[in-house]
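Subject: Structure for you to look through

Dear colleague,

The sequence and the model come first, and what was found follows.

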Amino acid sequence: MLGFLTRLQRGVWLTHSFYRCLVPNPEVKNQQLVLSQRVIANALLNLRSHTLRDFEKAMSNLDKAITNSMYFDFKLKDLKLKVAEEHLYPTSLEQIGYKWLEERDWGTAAFQVRDEAMFHREFSKPLYNLHGPGEILLAKHLLMNFANEPSKVIQREDLVLMRDPREPHELSPKEKAELALGGGSGGLLVRRVVAVPGEEIVCVNNEDETIVLDNNEVWVMADNADVSASDALDSRTFGPVDATAHVFGRVFYSIRSAVDHGPVKNPNPSSQSFDRLWTEDVDIDGFLELYK
């Protein structure tokens, strides 16, 4: 049974995030979202000439824009989702409220690890509860691409689920073939955030060469030092990552089997506090079913 305090904290965060989605943000480039915001603003300013149904339709369109940007704009087949079809695109205010506040898998995605880039035999299990190839990792979307600023929701040392930020022409023939067949990383990566917006990166080989991360940028690395930089596929290969465009969210749970699973340990206390909101009622069997 989900505790009252946890349910309340979840609701506060989700409600605040949805409110942020209602407020136009010049950093957001999602045209469908911007259009939905304008329609809602117009409906609120002209309540006398708009019906409740007009307002519901505008809110439904906003929710649809958020859902598409959260899930389907990633367009990666290795990203597994477990959301009830009837809750995917609600049409009434009551249904929208239920989806955001009661649908436990809303905003969660799963990814099965295939490589050892994030697994170090000495410290990955005891420090982070990571077990390497085969485990299923769950990540919670942080709504950075239309509501929350990366600097406020991503902390240094967070484990994040992201997509490879490289353009197709930057991939090797082998990587293109693996992506087409669903092999390799499948375009999805799990990496450690080692620097957040505003911080400076100093080149190891040349201390005079530095990179200052922009407002939305993070620097990510693989945990396994035994994996070469070229094979690790991290910021040493593709540079800073725009978190609003390429980071899905923070990884918070690891599933190995129906009886072997547990929370991922993100070191930052703020991240730990947030992650605990989503670990009490994880549908283990439901996520395992996605991989049968």
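Over which residues does pLDDT stay under 50, and how many contacts beyond four places in sequence does the model have for them? The stretch is residues 180-184, and the model has nine such contacts for these residues. Please keep in mind that this is a predicted model, in which the chain averages a pLDDT of 84 and 86% of the residues score at least 70. Among the elements of the chain, the lowest mean pLDDT, 58, belongs to helix α8 (residues 173-181), whereas strand β11 (residues 261-263) has the highest, 97.

Turning to the helices, I looked at two pairs that share helix α5 (residues 93-101). The axis of α5 comes within 9 Å of the axis of helix α3 (residues 52-72), and the two cross at roughly 30°. Since angles under 35 degrees count as roughly parallel, α3 and α5 are therefore described as roughly parallel to each other. On the side of α3 the contact is made by Leu52, Phe55, Glu56, Met59, Ser60, Asp63, Ile66 and Thr67, and on the side of α5 by Leu93, Ile96, Lys99 and Trp100. Sorted by class, this contact has seven nonpolar, two polar and three charged residues.

The second pair joins α5 to helix α1 (residues 4-22), where the axes are 9 Å apart and the packing angle is about 125°, so that α1 and α5 are oblique to each other. Here Gly11, Leu14, Thr15 and Phe18 of α1 meet Ile96, Trp100 and Leu101 of α5, and by class the contact has five nonpolar, two polar and no charged residues.

Finally, there are the cavities, of which the structure holds three of 30 Å³ or more. The largest has a volume of about 130 Å³, and of the 15 residues that line this cavity, Val113, Asp115, Met118, Val190 and Arg191 are the closest to its centre. Strand β5 (residues 188-195) supplies the largest share of this lining, namely four residues, and the lining as a whole divides into nine nonpolar, two polar and four charged residues. The second largest cavity has a volume of about 70 Å³, and the residues that line it include Arg10, Asp105, Lys140, Trp278 and Phe287; its lining divides into five nonpolar, one polar and five charged residues.

With best wishes

Key: Residues numbered from 1 in each chain as written. Predicted model: local features only at pLDDT ≥ 70, side-chain atom pairs only at ≥ 80, totals over all residues. Heavy atoms only, no water. pLDDT = per-residue confidence, 0-100. Contact = heavy atoms within 4.5 Å. 1 Å grid on protein atoms, 1.4 Å probe; cavity = no way out; pocket = protein on both sides within 12 Å on 5 of 7 lines; lining within 4 Å. Points joined across faces, edges and corners; volume = space filled by probe spheres on them. Nonpolar A, V, L, I, M, F, W, Y, C, P; charged D, E, K, R; others polar. Axes fitted to C-alpha atoms, helices over the stretch in contact; angles between N-to-C directions. Parallel < 35°, antiparallel > 145°, perpendicular 65-115°, else oblique.
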